[in-house]
Amino acid sequence: MSTIVDTTAATAAPKERTPVRPARILLHVFLAGAALAWLAPLLWALYAAMRPYGETSEKGYVSWPDKLSLDNFTNAFTQSDMTHYFVNTLIIAVPAVLLTLFLSSMVAFYVSRFDFRVNIFLLLVFTAGNLLPQQVIITPLYRLYLLIDIPGITMSGKLYDSALGLVLIHVAFQSGFCAFVLSNYMRSLPHELTEAALVDGASVWRLYWQIVLPLCRPAMAALATLLSIWIYNDFFWALVLISTGENMPITSALNNLSGQYFTDPNLVAAGALLTAIPTLIVYFALQRQFVSGLTLGANKG
Amino acid sequence: MTTTPTESPEAATPPPGSGPVTKTAQAAKVPQGHRRLLTRRDRLTLGLMAGLPTILHVALVWVTALASIALAFTTWDGIGFDSIKWVGLENFKELFTNNPQFWPAVQHNIIWFVALILIPTPLGLFLAVQLDKQIRFSRVYQTAFFLPVVMSLAVIGFVWQLIYNPDTGLINSLIGANEPGHYIDWIGDPDLNLWAILIAASWRHAGYMMILYLAGLKGVDPSLREASALDGANEWQTFKNVIFPTLRPTNTVVLVVTIIEALRAFDLVFVFNKGAEGTELLSILVTNNIIGESSRIGYGSAIAVVLLVISLAVIIPYLIATFRKERQA
């Protein structure tokens with residue numbers, strides 16, 4: 001990390017209060033260089049993915065390309081049935097995100113708008129649960145999922161190896177973080193709002209659904225973005241709780257693909273980049289939400 | 001990969017001049033009024049609203065965590081409940097004295113944490129400080145550094161394999177070590193592979209830290225900086241003596257996030273070499289007991305309990321501090 005040395009020199013330069021231009025330019029040069037270096041692994045993957053295996057095995061990977069094409073992408077996409085795995089991910093992620101937001105907003109409403117004794121304890125249980133490493137609970141969970149018979153609802157007849165099982169654990173695990181963030185957010189809403197409605201005879205459900213929830217839209221949007229990306233990116237739960245390749249979401253299916261095609265790194269590179277595309281789209285489209293969501297937990301937003 | 005919910009004190013404390021006293025008094029009073037107005041039906045609704053999510057969370061997270069503890073004192077092959085046998089501390093004894101992977105795993109988890117806190121964390125802070133200078137294209141730079149955080153750790157594992165692969169990887173191709181006999185086996189060599197993976201992990205972690213610090217820096221009162229400049233402090237002095245101390249709440253979050261990331265580390269290692277020699281981690285040992293051939297549930301649970309104890313040692317004090325601060329506000 002010699003870069004650190006380079007720039008402290010560049011940025012510590014202006015002793016005068018008015019910023020000196022050359023320092024700014026140096027800073028830009030540094031940042032642009034660092035940003036490019038940061039993207040290098042991805043650009044390298046892209047370059048490898050755009051070259052046919054035959055060419056790289058003959059000329060080596062560090063070589064000038066004869067021809068760049070998207071063939072590996074189409075091959076990875078069609079040969080490994082990626083559409084199917086993307087759909088699997090969708091079947092898991094969409095209900096999981098919606099349910100997490102719904103359930104955690106109800107808990108948050110409860111703990112932030114009403115002064116019951118259990119509030120802090122309840123919130124502690126949720127937040128601490130979310131901070132545990134997944135492996136702490138996986139062994140009994142795996143057994144539990146094998147034990148629970150739900151014939152007719154899932155293909156496997158059990159929670160194990162089913163989208164439902166994954167949805168449940170995602171919701172259970174992620175609601176800890178969301179409950180904490182949303183309860184902070186709801187606490188910042190003026191109490192007069194709900195109080196007036198209560199005096200007018202509105203039910204608690206109405207307070208939640210028609211008054212509080214609509215006001216939480218910014219926080220919910222931020223959390224929805226964050227949850228979509230986290231749940232999409234999940235590798236561990238699917239690895240352990242799904243056994244049939246057919247049922248796998250995209251990230252763990254990619255693991256199979258790489259096992260199958262380990263002799264063709266270019267194809268694996270294409271598969272990996274394809275897998276990353278949806279998260280990149282979500283991120284670029286909803287960058288602000290994502291970043292504010294991430295820091296919502298760390299610094300109340 | 002989860003963020004940690006926290007509260008920075010300056011966010012929890014109402015801004016000066018906004019009449020904190022009346023606000024808290026009100027907040028304490030009003031809910032009581034709420035409670036009196038509740039009908040029986042409302043109480044039932046509220047009970048369900050809090051109850052259902054709690055049941056799901058407690059059943060899947062806390063009951064299974066407790067089950068891990070209970071199973072850690074037994075042996076069980078997983079087939080039928082009658083094969084569960086109480087063995088007391090046997091599993092732990094075997095783990096601590098007889099498992100050649102256990103102590104390396106503990107050591108690697110510690111190295112993971114130390115490496116993340118020493119390299120990508122200061123780097124993230126440094127980048128955040130540079131990007132906080134209201135420069136042009138700040139968002140473009142931010143996006144570049146932040147991009148890895150958005151990607152799945154499994155995908156990151158595959159991307160970095162293209163760099164580390166002994167035959168076809170970028171590094172060996174560049175330095176000419178991709179000929180038989182000259183291989184540098186970044187993934188297989190137990191002296192190298194952990195560090196190779198840690199570089200990939202740091203690549204992601206630095207962007208994450210940068211975003212947390214950028215948010216922290218936004219909360220720094222600009223007048224502090226002005227005052228410091230008026231006193232003739234240079235940039236480094238201002239940072240060291242004025243800005244950095246005000247980042248304390250962010251530092252706490254960063255520390256906790258990093259510890260938890262180090263304890264959770266799994267995906268990258270699994271994709272790289274499934275935690276074979278040189279990259280053992282506690283999380284990998286637990287998982288191997290489930291997806292490996294041997295199904296030793298009691299033994300696997302014992303490893304999980306070690307992980308649980310270390311995690312709780314971090315989580316509990318942190319949450320107590322956080323919630324105490326919140327209550328005071």
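**Notebook: cysteines, interface, helices and salt bridges**

I began with Cys178(A), which counts as buried at 0% relative accessibility. Buried means under 20% relative accessible area, exposed means over 50%, and partly exposed lies in between (1.4 Å probe, protein chains only).

I noted the ground rules next. This is a predicted model, in which local features need pLDDT of at least 70 and side-chain atom pairs count only at pLDDT 80 or more, while totals for chains, interfaces and linings use all residues. Residues are numbered from 1 along each chain as its sequence is written, chains are lettered from A and ligands numbered from 1 in the order in which they are written, and side-chain values use heavy atoms, leaving out hydrogens and water.

**Cysteines**

How many disulfides are there over all chains? I found 0 disulfides over all chains, taking a disulfide as a pair of cysteine sulfur atoms within 2.5 Å. Cys178(A) is in no disulfide, and its nearest cysteine sulfur, in Cys216(A), is 12 Å away.

**Where the chains meet**

I turned to the interface. The size of an interface is often given as the accessible area lost when the parts come together. For chain B and chain A the buried area is about 10,500 Å² (accessible area, 1.4 Å probe, that two parts lose on being put together, summed over both). Carbon and sulfur atoms give 76% of that area. Helix H3 (residues 40-71) of chain B gives the most to the side of chain B that touches chain A, with 18 residues. Helices are DSSP runs of H or I with at least four residues, strands are runs of E with at least two, and both are numbered from the N terminus.

The contact takes 114 residues from chain B and 112 residues from chain A. Contact means heavy atoms within 4.5 Å. I found 16 residue pairs in polar contact across the interface, both at pLDDT 80 or more. A polar contact is a pair of N or O atoms within 3.5 Å; within protein, one must be able to donate a hydrogen and the other to accept it, and residues adjacent in sequence count only if both atoms are side-chain atoms.

**His205(B)**

I found His205(B) in helix H10 (residues 193-218) of chain B. Is His205(B) buried or exposed? His205(B) counts as buried, at 1% relative accessibility. Its side chain makes a polar contact with the side chain of Thr258(B), at 3.3 Å. Beyond its neighbours within four places in sequence, His205(B) touches residues including Leu116(B) and Glu261(B).

**Salt bridges**

I counted 8 salt bridges over all chains. A salt bridge is a side-chain nitrogen of Lys or Arg within 4 Å of a carboxyl oxygen of Asp or Glu. Across the interface of chain B and chain A there are 0 salt bridges.

Lys133(B) and Glu235(B) meet in a salt bridge at 2.9 Å, N to O. Lys133(B) lies in the loop between H6 and H7 of chain B and Glu235(B) in helix H12 (residues 235-246) of chain B, so this pair ties together parts 102 residues apart in sequence. Lys133(B) is buried at 18%, and Glu235(B) is partly exposed at 29%.

Asp66(A) is exposed at 60%.
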